[in-house]
Amino acid sequence: MNLTIDIGNTNIKCGVFDGDRLVYSLRLASSASKTSDEYGLTMRDLLESNGISTKDIDGVIMSSVNPNLNYTFEHISQYYFGTRPLVVGGGIKSGIRIRYDNPKEVGADRIVNSVAAYYTYGGPVIVIDCGTATTFNYINAQGEFLGGAISFGLKTSMDALTSATAKLPKIELVAPAEVLGRNTITNMQSGIIYGFIGMVEYLVRRFKEEVGDAKVVATGGLSEIVARDSSAIDVVDRTLTLRGLNIIYNLNRKDRQKENA
């Protein structure tokens, strides 16, 4: 079995794969103050409670946009799972070609999502990851990552609004029934959520005007909120990142076996 770890700014998503099948997944809060043992023991206990032993894990792959936690999870991989993790970055086989001004600038999460979308849905495809930041990635029919856009996330924009204003309260990210809000809460929900959806739809439309029609796949914790009221999204795939990591691990499996021989 392979263990996939996606280290984000807000959450850490982990998945266990038996071949191409996702057997179990878990989510942890990202915190630089937690030790490797705190994370490691939590992961071990959650896996074992679902019938998965640390000894069942043959390989580990991780991607990260949070460098503060990289060493922590590299240590967890070696100490708790007995293997050095494969880290998504320069020199790794991804199965797609990065056609970017500086390929090293492309975040590991964007590469992983692009790989999963291309191998699962084919190209051309636009991948939208609705997380702490919102990323838009375009992969053409030849499996080439051509670029995209980076914008604010839903929760990020809400936090910025409430922290910078004295009277606006924290709100639940739920779309109101009408765009025309009747009180402060629904006004904020309308502006944040429907305004965000408008941004997504505008960027998707402009992408298609520039490069042609493409399937649009959304992922990330808040993707369903967007997809519920948007016609721009064709598919919501919450496991996209984990499956992308598993695909990349399998592409590099032979090289890993040579290193560990």
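Visitor: What makes α4 stand out in the lining of the largest pocket?

Guide: In this predicted model, α4 gives the lining of the largest pocket its largest share, which amounts to three residues. At least two residues each are supplied by β1 (2–7), β2 (11–18), α3 (108–121), β7 (125–130), β8 (133–139) and α4 (154–164).

Visitor: Which residues that line the largest pocket are the closest to its centre, and how many residues line it?

Guide: The largest pocket, with a volume of about 510 Å³, is lined by 24 residues, and the closest to its centre are T10, N11, C130, G131 and T132. To be counted in the lining, a residue must have an atom within 4 Å of a point of the pocket.

Visitor: How do you know which class, nonpolar, polar or charged, each residue in that lining belongs to?

Guide: Each residue is sorted by its type, with Cys counted as nonpolar and Gly as polar, and for the lining of the largest pocket this gives five nonpolar, 12 polar and seven charged residues.

Visitor: What is the volume of the second largest pocket, and what classes of residue are in its lining?

Guide: The second largest pocket has a volume of about 240 Å³, and of the 13 residues that line it, the closest to its centre are G89, G90, P103, K104 and I111. By class, its lining has seven nonpolar, five polar and one charged residues.

Visitor: Why are β3 and β5 said to stand at the edges of the sheet?

Guide: The open sheet has five strands in the order β3-β2-β1-β4-β5, with mixed pairing. Since β3 (21–29) and β5 (86–87) each have a single partner strand, one side of each is left without a neighbour in the sheet, and so they stand at the edges.

Visitor: How do you know that β2 and β3 pair?

Guide: Two strands pair if at least two bridges are found between them, and β2 and β3 have eight bridges, in the antiparallel sense. Helix α1 (residues 36–49) lies across β1, β2 and β3, and runs at about 145 degrees to β3.

Conventions:
Residues are numbered from 1 along each chain as its sequence is written. This is a predicted model: local features need pLDDT of at least 70, side-chain atom pairs count only at pLDDT 80 or more; totals for chains, interfaces and linings use all residues. Side-chain values use heavy atoms; hydrogens and water are left out. On a 1 Å grid over the protein atoms alone, a cavity is a set of points where a 1.4 Å probe fits but cannot get out, and a pocket is an open set with protein on both sides within 12 Å along at least five of seven lines; lining residues have an atom within 4 Å of a point. Grid points are joined across faces, edges and corners, and a volume is the space filled by probe spheres set on the points. Helices (H or I, at least four residues) and strands (E, at least two) are DSSP runs, numbered from the N terminus. Contact means heavy atoms within 4.5 Å. Axes are lines fitted to C-alpha atoms, for helices over the stretch in contact, and angles run from 0 to 180 degrees between N-to-C directions.
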